[in-house]
Amino acid sequence: MVAFRNNPPGSGEFPVDPGLVYLNHAAVAPWPVRTRDAVAAFAAENTRSGAAYYPRWLQVEQRLRRQLAWLVNAPSPDDIALLKNTSEGISLVAAGLPWQAGDNLVISNREFPSNRMAWEALAARGVQVRVADLGSDDPEAAVCALLDDRTRVLAISAVQFGDGLRLDLARLGRACRANGTLFCVDAIQQVGALAFDVQAIHADFAIADGHKWMLGPEGVALFYANPAARDQLALTQFGWHMVEHPGDYSRTEWTPAASARRFEAGSPNMLGIHALSASLSLFEETGMASVEAAVLANADFLARETSSLPGWTLLSRRDAHYRSGIVTVKHASGRHAEIFRLLRDEGMVCAERGDGIRLSPHFWNERSTLERAVALLEKAGRNFPW
Ligand SMILES: Cc1ncc(COP(=O)(O)O)c(C=O)c1O
């Protein structure tokens, strides 16, 4: 696969301020032009004709479910719910399962707070949280070693937010299947950056907000739940939209939708839906194989070039399947908060995470942007002797 150098696909869609070095897709991404246009068109339609053409909006909603099903290879768009964010999806699984005192679940020691807190909140129900240390050579083995006959869920990120460690999800999914454990994947740092296949990895649940690698707005999230797994969740929110016959407001009897729509209580976020659908059309045109190749090539370049700078070392694994779109580097001075501020003042959009500076390029980033980032890190590091 050829890596894209100066004119990556989609680069014309990102007229980002040339004063910025935008490498922060693991936090919040800039929107493509088509997404801005879709939002502007939706706003214009709302002021001109309100919801007079609501049936068309419903078509966009259905299209988004199909796009998301395509993106994660879900068997059906019916397996996709549109939630507010990743935290909501994780909470819905944690709160909805039929826990018994003495049950346990497994997470890792590097999870984003949302994928720890929702599970820790189950302590009141007598559920034990087991924490796998991902620091060993074989982190998947450390995770699997914690599964036993009372492990109801393995809840883990596909790619860790701090250092970008990507796990072999198929291996974890197979272990869950063999153990009768549900597999709940926080996929926000993978979907849109790297190919993701819920069937190949035997995921029961997969959750990802749209504002990072999917290049959409905040506030619309993918929630994948396979039919058997979603039947195990008690519903915790209720409203007109989640039933088999939404819109039939005179019915007093109701049953939850058979599809994952049962997790969507009320009115959908139509603005966000229009935006995310537009963003995902860019992935459909580009193809996930090309996106993944370019993301990895960009991250490889940053990993190689930054780790050879004086004072800088790489915190992210780049071997085997462990590499992702996230590259985190550490400066020997340890003064990352100050370095981060210097970088920000120079127009670099990145993050201070995982005990270092986190860079997260997407497929559309140009090589010249990556080179500027390397030069800025070099310059910032020189201010802090070690
Ligand atoms: C791995 C991971 N999970 C969850 C979240 C939070 O996502 P949301 O705001 O969609 O709840 C983040 C945000 O950075 C994250 O990196």
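Guide: The buried residues of α8 pack against α1 (33-49), α2 (54-72), β2 (80-83) and α9 (288-307); helices (H or I, at least four residues) and strands (E, at least two) are DSSP runs, numbered from the N terminus. This is a predicted model, in which local features need pLDDT of at least 70, side-chain atom pairs count only at pLDDT 80 or more, and totals for chains, interfaces and linings use all residues. Residues are numbered from 1 along each chain as its sequence is written.

Visitor: Which residues in α8 are buried?

Guide: They are G272, I273, H274, A275, L276, S277, A278, S279, L280, L282 and F283, where buried means that 20 or more other C-beta atoms, placed from the backbone, lie within 10 Å of the residue's own.

Visitor: And what comes just after α8?

Guide: G287 follows, with a positive phi of about 90°.

Visitor: Switching to the largest nonpolar core, which residues touch the most other members?

Guide: Of its 110 residues, L154, F223 and Y224 do; such a core is a set of buried Ala, Val, Leu, Ile, Met, Phe, Trp, Tyr and Cys residues joined through C-beta atoms within 7 Å. The most is given to this core by α9, with ten residues.

Visitor: What is L154 in contact with?

Guide: Leaving aside neighbours within four places in sequence, L154 contacts V106, V143, L147, L172, C176, T181, F183 and C184, a contact being two residues whose C-beta atoms, placed from the backbone, lie within 7 Å.

Visitor: How many helices and strands are in the chain?

Guide: The chain has eleven helices and 13 strands, and its C-alpha trace spans about 70 × 60 × 35 Å along the principal axes.

Key. A residue is buried if 20 or more other C-beta atoms lie within 10 Å of its own, exposed if 12 or fewer, and partly exposed in between; C-beta atoms are placed from the backbone.
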